[in-house]
Amino acid sequence: MKRTALITGITGQDGSYLAKLLLEKDYAVYGLMPRSTRYAFTNLDYLGVTGEVDYITGDLADEASLIHAVRRTRPDEVYNLAAQSFVAASWDQPLWTTEVNACGALRLLEALRNFAPRAKFYQASTSEMFGNCSDNGIQTEQTPMHPCSPYAISKLYAYWIVNNYRESYGMFCVNGILFNHESPIRGLEFVTRKISHNVAKIKLGLANRFGLGNLDSRRDWGFAGDYVEAMHLMLQQETPDNFIVSTGETHSIRDFLDAAFRHVGISDWGRHVFIDPAFNRPAELVALQGSSDKARKILGWRPKVSFEDLVRMMIDADLKRLLPGDAAHVE
Ligand code: NDP
Ligand code: GDP
């Protein structure tokens, strides 16, 4: 019998990569799709898996739809990837961010507790929960958490309610604490994709300049395709546990710009980038660098795509999208 997986956030970056991975592993994949979806099939189409997923209309804000989805699919594994996932927007919509990210995770857990208590549950937790805490610059599973955005706080609630349902009800619930991960289908609002998209436009003569906020913050950027493998591995363990997923390397936004412009043969990127304070945040997470030693040891997971290869992959994909003949993507 095929194993059955229910993915929330199916239309997003990770949902699409995870659907592809699970389909390759011969799962029956169900995707929860909000009626008001922003992406619809764009990302799933990009990865060529749209037609192989079964879609169920539903929303993390709507408990009835989650109960319906769980009862209909009877999942072996549930991956809760849906979220208002953009940190900057969480200051504009703090209540909605909390409604979806915090209460949404709880709603889904309640649906599972009542209708599929043996399903294994993965929660998309985030390195944002650490805020500016670290152990000598490195975040581990033991590092204290001090979230510094409404997004991170909503995710911290979800993190703890997942731990609590594991401890209270013995449910198989895990948190993947994922550091930033990117790909050619990363949302255009995130800094890496904003850069790859604009650098491709500049290379093709379609734009000349673009604005960014803080160039000094540092992130531990990996490839989304590698990270969904860790999600799946977490649910194949004997006992549920939380794991950091990261590359262990940190780079600044400047480093990303250097690599991106270098790839298209432009050395003096200063004339193409201006500082726009509109992109500064009320509070900033300065630097992330995660230790994934536990995941490497217990899950046998490791990242395959390097920082330089990730940058190249994203730019090449954006160049391809923008070339004549595929002009629909030009903004
Ligand atoms: P995306 O923003 O690409 O995808 C988010 C998904 O959630 C979309 O499919 C979106 O649907 C869906 N969604 C939003 N609101 C609702 C709702 N109310 N009900 C149901 N679905 C909803 O995010 P990623 O794929 O990048 O990230 C996946 C998860 O991992 C998120 O929870 C994110 O917070 C978390 N995370 C991501 C990291 C990263 O670097 N990418 C790092 C750490 C954690 P649509 O837009 O179609 O409406
Ligand atoms: P985040 O780590 O989830 O917030 O991912 P983002 O890609 O949105 O932001 C990563 C870092 O890039 C943050 O420190 C931002 O402040 C910084 N940054 C600088 N300029 C920009 C910009 O124009 N857009 C975004 N999204 N981030 C920017």
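**A tour of the aromatic pairs**

A search of the whole structure, a predicted model, finds twelve aromatic pairs, where rings of Phe, Tyr and Trp (its six-membered ring) pair if their centres lie within 6.5 Å; planes under 30 degrees apart count as stacked, over 60 as edge-to-face and the rest as tilted. Local features need pLDDT of at least 70, side-chain atom pairs count only at pLDDT 80 or more, and totals for chains, interfaces and linings use all residues; residues are numbered from 1 along each chain as its sequence is written, and side-chain values use heavy atoms, with hydrogens and water left out.

Select Phe 86 and Phe 190 first. Their rings form an edge-to-face pair, 5.1 Å centre to centre with 70° between the planes. Phe 86 lies in the loop between strand E4 (77-80) and helix H4 (89-92), and Phe 190 in the loop between strand E7 (181-182) and helix H7 (191-203), so the pair ties together parts that are 104 residues apart in sequence. Helices (H or I, at least four residues) and strands (E, at least two) are DSSP runs, numbered from the N terminus. Phe 86 counts as buried at 17% relative accessibility, and Phe 190 is buried at 12%; buried means under 20% relative accessible area, exposed over 50%, partly exposed in between (1.4 Å probe, protein chains only).

Next, select Phe 261 and Trp 269, a stacked pair with 6.4 Å centre to centre and 15° between the planes. Both residues are buried.

Then select Trp 221, Phe 256 and Phe 307, which ring pairs link into a cluster.

Finally, display the whole chain. It holds eleven helices and 13 strands, and buried residues make up 55% of its 331 residues.

Technical notes: Chains are lettered from A and ligands numbered from 1 in the order in which they are written.
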